[in-house]
Amino acid sequence: MISVSNVTMRYGSKVLFEDVSTTFTPGRRYGLTGPNGAGKSTFMKILTGELEPQKGTVVRPRKLGILRQDQFAFDSYRVIDTVIMGNAPLWAALEERDRIYEKPEMTNEDGMRLGELEGIIGDEDGYTAESDAAVLLQGLDITDDFHERKMGELQSGQKIRVLLAQALFGKPEALMLDEPTNYLDLDSVHWLQDFLLNYDGTLIAISHDRHFLNSVTTHTADIDYQTIIIYTGGYDEMVMAKTQVRSTLESQNAQREKKIAQLNEFIARFAAGTRSTQVTSRRKEVERLQTNDLARSNIQRPYIRFDQVRPSGKHVLEFKGLTKHYSDLHVVDDFTASVLRGEKICLMGRNGAGKTTVVKSLLANYPGLADKEFTLDAGEVFWGHEAQIGYFPQDIGATIEHGLTVAEWLHQFDPKATVEEIRGILGQMLFSGEEGQKPTKALSGGEQARLVFCKLILTKPNFLIFDEPTNHLDLESINALNIALQRYEGTVLLVTHDHDLIDEVATRLWNFKEDGIEDFNGPYVEWKGKHN
């Protein structure tokens, strides 16, 4: 159990949460929600003990599993050892035992201490630690040949998965996971969901993956209105309940304000007359009914709508024999397909399977969007009549020029657009007022993503290509993108591991497997039915 009593956290005049008291119960799985900047990661650090609250206390269990965010902290350790470090008492006992065995001569005290350490190692399942850690790593697609390597040899996404295995290792009484699905492919996300559904401790997870939250969580701890409210159910159930609570409060306030107005009118009419007793009574009633200001919600919802200047031809894209190898690694081998106007194709599969490579291959001869360092080994790509591409690359930061304001950067893509049009589009994506004058170099990852959406809204292409667009978005922005893509009348090519986007947007799937690319003409629910 984790207990929080009267916890407050402020940054200057900004209140994240104030006098929060709540309990996180064993056997329950909590999603910690709230928009970017609401204080989710701050609250998580308070729960783990990494950060002290400005006021209040936290009681936590002895053994916590924490998803570490520092990818470089374990670079000098073996992958398998990094996972075992998730059980701190076991790792400390193993290290001390090794130090004693390394001594040229052992004392009687050393021998007695070894006996104590062997007891701790046995109690903590230390004799099966390496095999237990290997099972976790394999579930997260870190294969056996990586287990003996140093962490410093791994790529960023692989490190995150090892650190996730570290958090899950050693049967912790509580799990604290901040964005656990980042850098996970769909198979790994499903494995993690199954693991967590069988976990019987206390789980608290921050995630921007709506399907993950709805699938795993039994309760939702929502940070808003300068407090934390616990709702029963997953994310969608929380949104419905929260809307009802807010509507009820606003309705009650409206009724109070109406009653106060009636009482004040009576007081104004008869204050100087003979009905002073009644006036005094009504003044007291006004004081009793006086509406307390509701704390303002910090949720902001962008509005995304993708239009086309003009539609493309019916046959918008055709390619034959796409092939790309990296030394002996055959990433894409002789892939041929054609795309019709209005199709929405999701590219799904394991990390490193070749999804981004296919996107780069298709853009290899498209003016202004080709990666200059990328060359296609074989194959031909034909873009159809009037095909106009809007591209959201995985590395969006590299596409945003520094030395400009947000408004200046956007305006250069349509110099004929009026200032009002530019402001309107920026406002849709939450760059309101002075935010439009913000320097591009000062943008966060989420702001960069929203600014690229502004470009796509302004330029109105008829073929949208997205490579992992949800990596830096909060839930509200992901939901807005989901709705926009469903309503878009043009053609979409979408690389994503977001289950809901694949399920609700795709009309066709390119599934990247070890033996090639499966081209499935139909939605995800039909594909799943075929493969179950």
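Predicted model: local features only at pLDDT ≥ 70, side-chain atom pairs only at ≥ 80, totals over all residues.
Zooming out, the open sheet here has six strands in the order 14-15-16-12-17-18, and its pairing is mixed. Strand 14 (389-392) and strand 18 (516-520) sit at the edges, each pairing on one side only. On average, and with direction ignored, neighbouring strands of this sheet are turned by 15 degrees against each other. Helix 17 (residues 524-531) packs on the sheet and touches strand 12, strand 17 (508-513) and strand 18. The direction of helix 17 makes about 120 degrees with that of strand 18.

Another open sheet has three strands, in the order 11-10-13, with antiparallel pairing. Strand 11 (329-340) and strand 13 (378-383) each have a single partner strand, so one side of each is left without a neighbour in the sheet. The twist from one strand to the next averages 10 degrees.

Between strand 10 (residues 315-326) and strand 11, eight bridges hold the antiparallel pairing. Take Leu322: its bridge partner in strand 11 is Phe335. This sheet also has a helix packed on it, namely helix 11 (residues 355-362), which touches strand 10, strand 11 and strand 13. Helix 11 points at about 120 degrees to the direction of strand 10.

Strand 1 (residues 2-11) and strand 2 (residues 14-24) run antiparallel, with seven bridges between them. Tyr11 has Lys14 of strand 2 as its bridge partner. Two residues lie between the strands of this hairpin, and Gly12 takes a positive phi there, near 65 degrees.

## Helix 5 and what surrounds it

How do helix 5 and helix 7 pack, in terms of angle and axis distance? Helix 5 (residues 129-139) meets helix 7 (residues 186-197) at an angle of about 135 degrees, and their axes are 9 Å apart. That angle makes helix 5 oblique to helix 7. On the helix 5 side the contact is made by Val135, Leu136 and Gly139, and on the helix 7 side by Ser188, Trp191 and Phe195. Sorted by class, that contact has four nonpolar residues, two polar ones and no charged ones.

Helix 5 has Ala129, Ala133, Ala134, Leu136, Leu137 and Gly139 buried. The cover over its buried residues includes helix 2 (79-84), helix 3 (88-101), helix 6 and helix 7. After the helix comes Asp141, with a positive phi near 65 degrees.

In soluble globular proteins, nonpolar side chains tend to be buried together. Here the largest nonpolar core has 48 residues, and Leu177 and Leu196 have the most contacts inside it. Helix 6 (residues 156-168) gives the most to this core, with six residues.

What does Leu177 touch, leaving aside residues up to four places away in sequence? Its contacts are Met44, Leu67, Leu164, Ala167, Leu196, Leu203, Ile204, Ala205 and Ile206. Apart from this core lies another, of 46 residues, with Phe306, Ala417, Ile478 and Leu509 among them.

How values were computed: Residues numbered from 1 in each chain as written. Heavy atoms only, no water. Core = buried A, V, L, I, M, F, W, Y, C linked by side-chain atoms within 4.5 Å. Buried < 20%, exposed > 50% of the residue type's maximum accessible area, 1.4 Å probe, protein only. Helix = DSSP H or I, 4+ residues; strand = E, 2+ residues; numbered from the N terminus. Contact = heavy atoms within 4.5 Å. Axes fitted to C-alpha atoms, helices over the stretch in contact; angles between N-to-C directions. Parallel < 35°, antiparallel > 145°, perpendicular 65-115°, else oblique. Nonpolar A, V, L, I, M, F, W, Y, C, P; charged D, E, K, R; others polar. Pairing = 2+ DSSP bridges.
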